[in-house]
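Subject: The structure for you to look at

Hi,

Here is the structure I said I would pass on. Have it open while you read, and my notes on it follow below.

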Amino acid sequence: QLYSSPEQSGCITFSSKTDVFALGIIFVELGVVMDYSKLFHRAEIFDSYRRGELTNDLFKDDQTVKFVAKLAARYSKDRPTREEILRDPYLVLGL
């Protein structure tokens with residue numbers, strides 16, 4: 001339940017983009033774990049992401065905020081595909 005997407009909570013048909021939401025929530029959890037003061041509010045923070053209310057104070061850099069926002073978008077149609085994630089500048093290493 002903790003990692004469930006909005007469409008899972010609403011019993012709406014879901015796709016692979018449901019897993020993308022869970023990946024976004026995993027990033028959120030990393031942000032929460034890194035800030036001990038937020039650890040006890042983890043479920044509330046996850047619920048806010050499910051409602052589309054993204055918290056910008058979990059991460060210190062805008063790139064991470066934007067990447068996580070894409071992954072944890074409230075509506076599945078707004079989330080990237082696997083291919084888009086792998087091509088995202090956030091993950092692409094400068095070689």
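What share of the contacts in the protein with a separation of 6 or more comes from residues 24 or more positions apart? It is 50%, where contact means heavy atoms within 4.5 Å.

Before the rest, a word on how to read this. This is a predicted model, so local features need pLDDT of at least 70 and side-chain atom pairs count only at pLDDT 80 or more, while totals for chains, interfaces and linings use all residues. Residues are numbered from 1 along each chain as its sequence is written, and side-chain values use heavy atoms, with hydrogens and water left out.

The overall picture

The protein has five helices and zero strands, and from the N terminus on the order is α-α-α-α-α. Helices (H or I, at least four residues) and strands (E, at least two) are DSSP runs, numbered from the N terminus. Of the 95 residues, 37% count as buried. Buried means under 20% relative accessible area, exposed means over 50%, and partly exposed is in between (1.4 Å probe, protein chains only).

The core

The largest nonpolar core has 17 residues, and the members that touch the most others are Val28, Ile45, Tyr49, Leu58, Val68 and Leu71. A nonpolar core here is a set of buried Ala, Val, Leu, Ile, Met, Phe, Trp, Tyr and Cys residues joined through side-chain atoms within 4.5 Å. Two or more residues of this core come from each of α2 (16-34), α3 (42-50) and α4 (62-71), and α2 gives the most, with six.

How the helices sit together

Two packed helices are described by the angle between their axes and the distance between the axes. For α2 and α4, the angle is about 145 degrees and the axes are 7 Å apart. On the α2 side, the contact is made by Val20, Phe21, Leu23, Gly24, Phe27 and Val28, and on the α4 side by Phe67, Val68 and Leu71. By class that is eight nonpolar, one polar and no charged. (Axes are lines fitted to C-alpha atoms, for helices over the stretch in contact, and angles run from 0 to 180 degrees between N-to-C directions. Ala, Val, Leu, Ile, Met, Phe, Trp, Tyr, Cys and Pro count as nonpolar, Asp, Glu, Lys and Arg as charged, and the others, Gly among them, as polar.)

In α4, Thr64, Val65, Phe67, Val68 and Leu71 are buried, and their cover includes α2, α3 and α5. In α3, the buried residues are Ile45, Phe46, Ser48, Tyr49 and Arg50, with α1 (6-9), α2 and α4 among what covers them. After α3 comes Gly52, which has a positive phi, near 85 degrees.

Why does Phe46 count as buried? Because its relative accessible area is 0%. Phe46 lies in α3, and its C-alpha is 9.7 Å from that of Ser5, which is 41 residues away along the chain.

Ile85 is in α5 (residues 82-87) and is buried too, at 9% relative accessible area. Leaving out residues up to four places away in sequence, Ile85 touches Val20, Leu23, Phe67, Leu71, Pro80 and Leu91.

Is Lys60 buried or exposed? Lys60 counts as exposed, at 86% relative accessibility, and it lies in the loop between α3 and α4.

The pocket

The largest pocket holds about 160 Å³ of space. Its lining is Gly31, Met34, Asp35, Asp57, Leu58, Phe59, Lys60, Asp61 and Thr64, which by class gives three nonpolar, two polar and four charged residues. On a 1 Å grid over the protein atoms alone, a pocket is an open set of points where a 1.4 Å probe fits, with protein on both sides within 12 Å along at least five of seven lines, and lining residues have an atom within 4 Å of a point. Grid points are joined across faces, edges and corners, and the volume is the space filled by probe spheres set on the points.

Cheers
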